[in-house]
Amino acid sequence: MGKKLKVGIIGCGGIAQQKHLPAIQQIKEAEITALCDIIPQKAEDSAKKFNLGDAKIYSDYKELIKDGSIDVVHILTPNRSHSPITVDSLEAGKHVMCEKPMATSYEDAKKMVDTAKKTGKLLSIGYQYRCMPVPMYLKKACERGDLGDIYFAKAHAIRRRGVPTWGVFLKEKEQGGGPLIDIGTHALDMTLWMMDNYKPKSVTGSVYKKLGNNPDSGNIWGPWDPKEFTVEDSAFGFITMENGATIILEASWALNSLDVGEGICTLCGTKAGADMKDGLRINSSDLGKLTLTKPDLGVGGVQYYSGSSMEPRDIECKNWYDAVLNGAELRVKPEQALVVTQILEGIYESAKSGKQIFF
């Protein structure tokens, strides 16, 4: 294509700075022409930092999406605003890349899927953990049938003390929840993707706020204000799928546990099992003996860079623009993210009601 895609950024906080803006600038067919934030200074600072001197600056996203020249928008705002901004942007004729989680409720997420279908515009959700070396390798092994029928899995998102103390992470109204919807969403998305199973039957959940009232507890980002801590500090779910498979989901920002791990999963199949606790370990049996295989994938421990030749953010972004420009298959389909939201909502509902939730 001779014409570059015009891109608008809605929300200029940390995820825009660390992930989306640098990744988009690696796409030669895309040009960032507009930046929006409810605090205009953030948009202006982003324009300067990324040398986007000609980009238009907005404080109201509705003004940005009125610009008919913009083809694609990236929605990088607090969770509760994902759905309305996405719906409005799709209806304005834009393709939408929305950050995770998709929405704070199944109803809102469903609106996003339905609007994308109605408008014919592409919609994807930013689950970049799928683009890290270990998950990409394990997904291929699962697709090849190396694990057989995966009937039991664990989705891990456990931090011992990793409470985000900036922005609106601790505000239930803005985010819809705490670690379950923040990092548990990554682990659950990855697990469902590995299993290629998107038909949940029921869920039972437990949600706790046991450590949130003690701000001086060795948090890696410093103490928090207990008055501002209005979400859970840990949450757990027991998920049953329609085919009988079982998934245990565990998520925490603060938990007295040394068994930590974020954005990883354990899979148990009829032929083999796999986990990501020490890089990637695939366990099976052969000739009457138990076996353990550890592929050397050169994995690091940083969220946005993991030792691959391309960073996860760049792999995700390349796929997204390849889908918009050339019709490539989306790595993250909105219907898949919808099921993640449905299950997370079910865990919260189960914890509140004390009952098992059936879908």
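Close-up 1. Leu 287 is exposed, with a relative accessible area of 81% (exposed means over 50%, buried under 20% and partly exposed in between, using a 1.4 Å probe and protein chains only). Welcome to a predicted model, in which local features need pLDDT of at least 70, side-chain atom pairs count only at pLDDT 80 or more, and totals for chains, interfaces and linings use all residues. Residues are numbered from 1 along each chain as its sequence is written, and side-chain values use heavy atoms, leaving out hydrogens and water. Look for Leu 287 in the loop between β13 (281–286) and β14 (289–293); helices (H or I, at least four residues) and strands (E, at least two) are DSSP runs numbered from the N terminus. Its phi is near 55 degrees, a positive value in a residue other than glycine.

**Close-up 2. Asp 196, another positive phi.** In the loop between α8 (179–195) and β8 (200–208) sits Asp 196, with phi near 50 degrees. Asp 196 is exposed, at 58% relative accessible area. Most residues other than glycine have a negative phi.

**Close-up 3. The cis peptide bond of Lys 100 and Pro 101.** Omega here is about -15 degrees. Pro 101 belongs to the loop between β5 (95–99) and α5 (106–119).

**Close-up 4. An aromatic cluster of Trp 166, Phe 169 and Trp 221.** The structure holds six aromatic pairs. The ring centres of Trp 166 and Phe 169 are 5.5 Å apart and their planes lie at 75 degrees, so this pair is edge-to-face. Rings of Phe, Tyr and Trp (its six-membered ring) pair if their centres lie within 6.5 Å, with planes under 30 degrees apart counted as stacked, over 60 as edge-to-face and the rest as tilted. Trp 166 is partly exposed, with a relative accessible area of 43%.
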